[in-house]
Amino acid sequence: MLSSAVKQHQAKQHARRDRQEKRKKEAIVASSALTHALVDHLNGGVAQAYVNQKKLDTETKILQANASQFCRQTTQWLKLVDDFNTALKELGDVENWAKSIETDMRTISSALEYAYTKSE
């Protein structure tokens with residue numbers, strides 16, 4: 001009887017160890033699946049952040065190129081406006097010079113007329 005109780009006890013312990021080992025393997029598989037799911041979820045976010053960063057870099061380069069082109073174009077426009085302003089000033093100077101010459105010529109003409117009428 002004692003030996004059968006020992007055998008029975010050993011059989012129960014062996015069955016309990018087998019169940020424990022089976023549960024341990026199931027727990028390992030479940031934790032591994034959970035870990036993989038979490039890592040995949042995190043990698044998805046990281047991948048999206050990487051894609052967004054690449055888009056931002058591309059947009060930044062395009063914006064920088066556009067800003068440089070706008071700066072060059074603005075410089076050309078400013079030069080054109082400055083040249084136009086200088087030309088307008090020159091036209092004003094020519095007009096004043098022409099008026100001055102006209103006034104001088106009228107004065108000379110009047111003096112010559114006066115001198116001519118006096119000499120007759």
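How many residues apart in helix H1 are Lys79 and Asp83, and what separation along the helix does that give? They are 4 residues apart, so about one helical turn separates Lys79 from Asp83. This is a predicted model, and its chain contains 1 helix and 0 strands. The radius of gyration is 51 Å, well over the 14 Å that the globule rule gives for 120 residues, so the chain is more spread out than a compact globule.

**Overall form and surface**

- Taken along the principal axes, the box filled by the C-alpha atoms of the chain is roughly 175 × 15 × 10 Å.
- Helix H1 covers residues 2-119, and Thr60 is one of the residues that lie in it.
- Of the 120 residues in the chain, 0% are buried, where buried means a relative accessible area under 20%.
- The accessible surface of the chain amounts to about 11300 Å², and carbon and sulfur atoms account for 62% of that surface.

**Thr60 and the distance to Leu78**

- Thr60 has a relative accessible area of 48%, and is therefore partly exposed, since that class lies between the limit for buried, under 20%, and the limit for exposed, over 50%.
- From Thr60 to Leu78 there are 18 residues in sequence, and the C-alpha atoms of these two residues stand 26 Å apart in space.

**Charged side chains**

- The chain carries 18 positive and 15 negative side chains, and a distance of 36 Å lies between the centres of the two sets.
- The count of salt bridges comes to 3, and the pairs are described in turn below.

**The salt bridge of Lys79 and Asp83**

- Lys79 and Asp83, the pair of the opening question, form a salt bridge in which the closest N and O atoms are 3.0 Å apart.
- Lys79 counts as exposed because its relative accessibility is 52%, whereas Asp83, with a relative accessible area of 39%, is partly exposed.

**The salt bridge of Lys99 and Glu95**

- The side chains of Lys99 and Glu95 also meet in a salt bridge, with a distance of 3.5 Å from N to O.
- Because Lys99 and Glu95 are 4 residues apart in helix H1, about one helical turn lies between them.
- Both partners count as partly exposed, Lys99 at 45% relative accessibility and Glu95 at 46%.

**The salt bridge of Arg106 and Glu102**

- Arg106 is joined to Glu102 by a salt bridge whose closest N and O atoms lie 2.6 Å apart.
- Arg106 and Glu102 are 4 residues apart in helix H1, so they too are separated by about one helical turn.
- Arg106 has a relative accessibility of 54% and so counts as exposed, while Glu102, at 38% relative accessibility, counts as partly exposed.

**A nonpolar patch on the surface**

- Val94, Trp97, Ile101, Met105, Ile108 and Leu112 form a nonpolar patch on the surface, and together these residues have about 630 Å² of accessible area.
- Val94, one of the residues of this patch, is found in helix H1 and counts as partly exposed because its relative accessibility is 48%.

Note on methods
Residues numbered from 1 in each chain as written. Predicted model: local features only at pLDDT ≥ 70, side-chain atom pairs only at ≥ 80, totals over all residues. Heavy atoms only, no water. Helix = DSSP H or I, 4+ residues; strand = E, 2+ residues; numbered from the N terminus. Rg over C-alpha atoms; globule rule 2.2 N^0.38 Å. Buried < 20%, exposed > 50% of the residue type's maximum accessible area, 1.4 Å probe, protein only. Areas by Shrake-Rupley, 256 points an atom, 1.4 Å probe, with all protein chains shown as cover. Lys, Arg positive; Asp, Glu negative; His and termini not counted. Charge placed at Lys NZ, Arg CZ, Asp CG, Glu CD. Patch = residues over 30% accessible without salt bridge, like charges linked within 9 Å, V, L, I, M, F, W, Y side chains within 5 Å. Salt bridge = Lys/Arg side-chain N within 4 Å of Asp/Glu carboxyl O.
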